[in-house]
Amino acid sequence: MGGAAANAAVAAQRLGVKVGLLTRLGRDGFGDYVHRVLSQEGIDLRFVERDEARLTALVLLAMEGAESFPHLFYRKECADEAVELSEEVRPWLAGARVLLLTGTHLRSLRLEALSQRLAGWAKEDGVHVVLDVDYRPSLWGDTPPGDGAARGLERPEAARGGPALRRLLPWVDTVVGTEEEIAIAAGTLGPEGPTRLRGLGPERVVVKRGPAGAWSWGPEGRAEVDGHGVPVLNSLGAGDAFLGAWLAAWLASGSAETWLRWGNAAGALVVSRHACAPAMPTREELMAFIEIDTSRALAVADARHRMVRPQRIRRRPLFLLAVDHRVYFERLAQAAGRDADWVREVKAAIFRGGQDGFADAGVRDAEAGFIIDDEFGAPLFPEVGGRFLARPIEDGRSPELRFLDGRSPGLCLRGWPVQHGVKCKVQWQEDEGLEARIRDLAEACRDQERPLILEVLPEPGADFRLPEILRRLYAQGVRPELWKLPPPTDEALWARLEGVLDEEDPSCDGVLLLGNGSAPATVAARIQLARSRKAFAGFAFGRTIFAEAAQAFSSGTIDAGEVRRRVAARWRDVLRLGRTS
């Protein structure tokens with residue numbers, strides 16, 4: 001996912017800023033993907049519309065070397081150029097501290113007027129207006145459409161987009177751009193450009209200079225910082241990273257040098273990686289890069305970049321209904337003289353009961369999900385929709401950890417859709433081979449950008465060993481996005497687990513509780529204990545929710561419809577326990 005506004009939104013959100021986005025996406029697969037990624041990042045999407053008649057805009061990018069990144073824009077009649085502005089936007093905007101506008105859309109007279117209206121509302125309501133010049137000559141007709149990588153112009157005063165940029169400036173408080181973009185916005189080369197811009201309305205000009213650093217000139221005076229010498233893999237997205245980080249620092253107050261330092265460091269991190277939005281750093285990573293000696297900074301930041309990979313789950317709380325349990329259902333079917341079709345039927349009833357339970361409890365899609373196996377549950381995958389889906393990768397028919405079909409984890413995952421997460425259950429034992437297999441799985445998930453939920457089951461009665469086991473796995477480089485663990489039964493065990501996470505992996509999304517078929521009263525007590533703990537990320541329950549209904553169905557005393565109703569009722573009640581503050 002790219003795009004100036006979306007990239008800057010992700011960059012700021014990851015640094016702790018609460019961000020909303022106003023745009024439009026096509027009702028197509030690309031639009032679905034972008035919407036899902038933005039949602040996973042936690043961005044407010046109430047004004048991200050879906051367009052039935054237009055397609056989501058595309059850019060094709062190649063990476064030919066450190067200085068060559070040719071790309072082509074496909075933006076003819078794209079969805080975001082049809083965005084509308086309703087009156088409902090104004091109170092939403094009035095609650096913000098900053099409005100960020102990008103210059104790309106000013107090439108449409110309708111969207112120029114929309115941008116001016118938004119900026120006017122912001123000024124009236126005391127919201128700071130920032131303009132990212134974001135000038136792409138090929139989109140304005142200054143260069144041929146095939147020259148999408150062009151940025152500067154020999155005669156910036158002749159840029160076709162210059163007048164539109166200058167018409168917006170009276171509503172702008174801060175304008176941000178590269179040296180070339182500032183010259184285009186000002187309509188002149190040289191040092192007089194920023195002076196001219198400030199004379200047209202903005203109180204502050206921020207100039208991005210890439211490896212040469214950055215400087216700004218505003219009410220706080222002139223400030224400048226040096227750049228970072230980092231290897232360049234892809235320069236696209238670096239300016240958006242700069243802007244998101246600059247905004248995060250500005251919102252936190254501090255000095256102009258600090259604002260620039262944050263922006264410059266974020267841009268340096270992003271150019272050293274292949275992607276745009278997925279490469280944006282979190283605050284912890286950014287601070288590590290800024291504060292550590294330059295010779296080590298990039299290596300340390302990259303080691304922590306796991307937390308901003310696309311697979312990070314980022315949903316808290318997260319409530320999963322586990323509908324895998326293949327061995328359980330096979331044994332149930334065998335005892336009742338049933339076949340595989342019966343297993344699929346009961347699983348479908350449980351799954352739909354889970355959907356009903358989510359709806360009855362008022363759980364948002366961003367907090368909801370399922371664990372479903374390939375063998376009996378694959379037909380249900382399309383019905384998951386925007387909820388999270390994890391699939392078990394372990395075979396499950398042996399106490400030893402074996403992966404599906406006896407394959408390596410990398411081969412198992414190669415055919416899965418990219419949005420499907422990985423769940424792996426491990427019966428812990430002292431075995432170097434087991435640790436090696438878990439490490440291989442973690443590496444495969446990292447390489448293929450898959451979220452990993454690692455379920456660890458100690459020997460019976462040995463839950464007290466969980467902190468020690470997690471520490472051993474961290475020492476092997478195993479860093480799942482979520483741990484799925486037996487619920488700690490006292491505050492002391494919770495504190496020890498949280499101590500391990502704080503020391504080994506502060507970016508971990510936390511601990512999901514598993515149910516192990518426990519009675520409702522036991523489940524309620526464990527949720528009550530967990531809710532106040534910072535590591536509590538939700539729960540993933542299966543037999544606790546459906547065992548009674550499944551057994552009744554296997555004996556023929558209830559039908560599939562009753563299974564669905566019973567699962568929905570129990571799941572609703574448990575979800576309400578988990579969501580009560």
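Colleague: How many bridges join β6 to strand β7 (residues 174–178)?

Modeller: This is a predicted model, in which local features need pLDDT of at least 70, side-chain atom pairs count only at pLDDT 80 or more, and totals for chains, interfaces and linings use all residues. Residues are numbered from 1 along each chain as its sequence is written, and side-chain values use heavy atoms, with hydrogens and water left out. Helices (H or I, at least four residues) and strands (E, at least two) are DSSP runs numbered from the N terminus, and two strands pair if DSSP finds at least two bridges between them. β6 and β7 run parallel, and the number of bridges joining them is three.

Colleague: Which residue in β7 is the bridge partner of Leu 131?

Modeller: The pairing to consider is that of β6 with β7, which run parallel. In β7, Leu 131 has as its bridge partner Val 175.

Colleague: What is the average twist from one strand to the next in the open sheet of six strands?

Modeller: Angles run from 0 to 180 degrees between N-to-C directions, with axes fitted as lines to C-alpha atoms, for helices over the stretch in contact. The open sheet has the order β5-β6-β7-β8-β9-β10, with mixed pairing. β5 and β10 (221–225) each have a single partner strand, so one side of each edge strand is left without a neighbour in the sheet. From one strand to the next, the twist averages 15 degrees.

Colleague: What angle does the direction of helix α7 (residues 179–186) make with that of β7?

Modeller: Helix α7 packs on the sheet, touching β7 and β8 (204–208). Its direction and that of β7 make an angle of about 125 degrees.

Colleague: At what angle to β8 does α9 run?

Modeller: Contact is taken as heavy atoms within 4.5 Å. Helix α9 lies across β5, β6, β7, β8 and β9 (214–218). Relative to β8, α9 runs at about 140 degrees.

Colleague: How many of the 11 residues of helix α1 (residues 4–14) are buried?

Modeller: Buried means under 20% relative accessible area, exposed over 50%, and partly exposed in between (1.4 Å probe, protein chains only). The buried residues of α1 include Asn 7, Val 10 and Arg 14, and the buried residues pack against elements among which are β1 (20–26), α2 (29–40) and α9 (238–251). Helix α1 is mostly covered, and its count of buried residues is 10.

Colleague: Which residue in β18 is the bridge partner of Phe 319?

Modeller: A closed barrel of eight strands runs β11-β12-β13-β14-β15-β16-β17-β18, with parallel pairing; its twist averages 25 degrees from one strand to the next. In β18, the bridge partner of Phe 319 is Phe 539.

Colleague: Which residue forms a salt bridge with Arg 117?

Modeller: A salt bridge is a side-chain nitrogen of Lys or Arg within 4 Å of a carboxyl oxygen of Asp or Glu. For the pair in question, the closest N and O atoms are 2.7 Å apart. The pair links distant parts of the chain, 30 residues apart, with Arg 117 in helix α4 and its partner in the loop between β4 (71–74) and α3 (89–94). Arg 117 counts as partly exposed at 35% relative accessibility, and its partner is Glu 87.

Colleague: What is the N to O distance in the salt bridge of Glu 179 and Arg 209?

Modeller: Glu 179 counts as partly exposed because its relative accessibility is 43%, and Arg 209 is likewise partly exposed at 30%. Their side chains meet in a salt bridge, with an N to O distance of 3.1 Å.

Colleague: Is Ala 122 buried or exposed?

Modeller: Ala 122 lies in helix α4 (residues 109–124). Leaving aside its neighbours within four places in sequence, Ala 122 is in contact with Leu 93, Leu 99, Val 127 and Val 129. Because its relative accessibility is 0%, Ala 122 counts as buried.
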